[in-house]
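Biologist: I would be grateful for a close look at a single part of this model, the contact between its two chains. Please describe it in one connected account.

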Amino acid sequence: MKISVIITLKKDVLDPQGKVIHQTLDGMGFDNVNEVRQGKYFEIDTKETDNDKAKAKVEEMCKKLLANLVIENYKIIDLK
Amino acid sequence: MKSSVITFPGSNCDRDMDVALKKFGFKNKMVWHDDAELPKSDLVVLPGGFSYGDYLRCGSMASKSKIMQSVVNFASSGGMVMGICNGFQILVETGLVPGVLLRNKYLEFICKNVFVKINDKKNKYFKNVNNEVLEFHIAHNEGNYFCTNDQLKEIEDNNQIAINYCDENGKIEDQFNPNGSIKNIAGIFNKEKNVLGMMPHPERMIDTSLSGEDGSLFFKNLINNLK
């Protein structure tokens, strides 16, 4: 079973890379952008076949390793 | 006094630390990250470098390595644990000290000498240091200390800030903050102050012909405090 996870920075955490990407987009003529926030994306292929169990395991992975909850949020977005 | 320096894959200041500790009288042992047991130590050092290539988040992989469980147990029983640079990043990822280290505010790798002001001397690391300000070296890409407001309040209430970036006279201002750290924080303790994490490298300031002597001051004082 494949599960996707998105990690994003929390709202009040400074994202200098996102800021530079925003400025660059601006310079390229994409001047309609309000803000850019950079995050991380993971695809996890697990041997687990039960949806709920798989999700619970990935949630544990997020809490223990994939995300640092002081600065990041995680979102489990896809089960297939 | 016995010390142990942990080597992770990608550590690169481990041997500098070994040289510094031995120079000031420690009997130092190098410990591989995959070992389970710590040798008997009065001080454990997590050195600088790029453990696991800084994958995922700096220090996150190293914080899960086999030896870290022993380091956590050692720290929990009051053992002295010092993390320098990448070692500081490993400490925050382990949760031994609060907060995180973000990418430097201006996205530059910073490599230069800085001045830091000692904020607290009621601990074995800085007790009896006569100077208020020390000159150390920093070399990092992710040294921008950040924590939540609740954490900051707790850190300040417990006087856990160890050192702040400042000018040579000890003035702590935004213009002397190299990387965007909250409150110019360069190093912090755990609550009990037996664990110290800091971005600056004292081991790079132990020889006048190479750099300076403020690191010598730090290590000489540290070994005396541990005796």
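Modeller: In this predicted model, 6 residue pairs, both members at pLDDT 80 or more, are in polar contact between chain A and chain B. On the side of chain A that touches chain B, three elements of chain A each supply at least two residues: the helix α1 (16–27), the strand β2 (40–45) and the helix α2 (51–66). By residue class, that side of chain A consists of 10 nonpolar, 2 polar and 4 charged residues.

The contact as a whole draws 16 residues from chain A and 16 residues from chain B. The size of an interface is often expressed as the accessible area lost when the parts come together. Here the area buried between chain A and chain B is about 1300 Å², with carbon and sulfur atoms giving 69% of it.

As for charge pairing, the rule finds 1 salt bridge across the interface of chain A and chain B.

Covalent links between cysteines can be settled briefly: over all chains, the structure holds 0 disulfides. In chain B, B:C111 is in no disulfide, since the nearest cysteine sulfur, that of B:C85, is 9.9 Å away, whereas the cut-off is 2.5 Å. B:C111 is exposed, with a relative accessible area of 51%. B:C166 is likewise in no disulfide, the nearest cysteine sulfur, that of B:C85, being 18 Å away. B:C166 is buried, at a relative accessible area of 4%.

Terms used:
Residues numbered from 1 in each chain as written. Chains lettered and ligands numbered in written order. Predicted model: local features only at pLDDT ≥ 70, side-chain atom pairs only at ≥ 80, totals over all residues. Heavy atoms only, no water. Contact = heavy atoms within 4.5 Å. Buried area = accessible area lost by both parts, 1.4 Å probe. Salt bridge = Lys/Arg side-chain N within 4 Å of Asp/Glu carboxyl O. Polar contact = N/O pair within 3.5 Å; in protein donor to acceptor, adjacent residues only side chain to side chain. Helix = DSSP H or I, 4+ residues; strand = E, 2+ residues; numbered from the N terminus. Nonpolar A, V, L, I, M, F, W, Y, C, P; charged D, E, K, R; others polar. Buried < 20%, exposed > 50% of the residue type's maximum accessible area, 1.4 Å probe, protein only.
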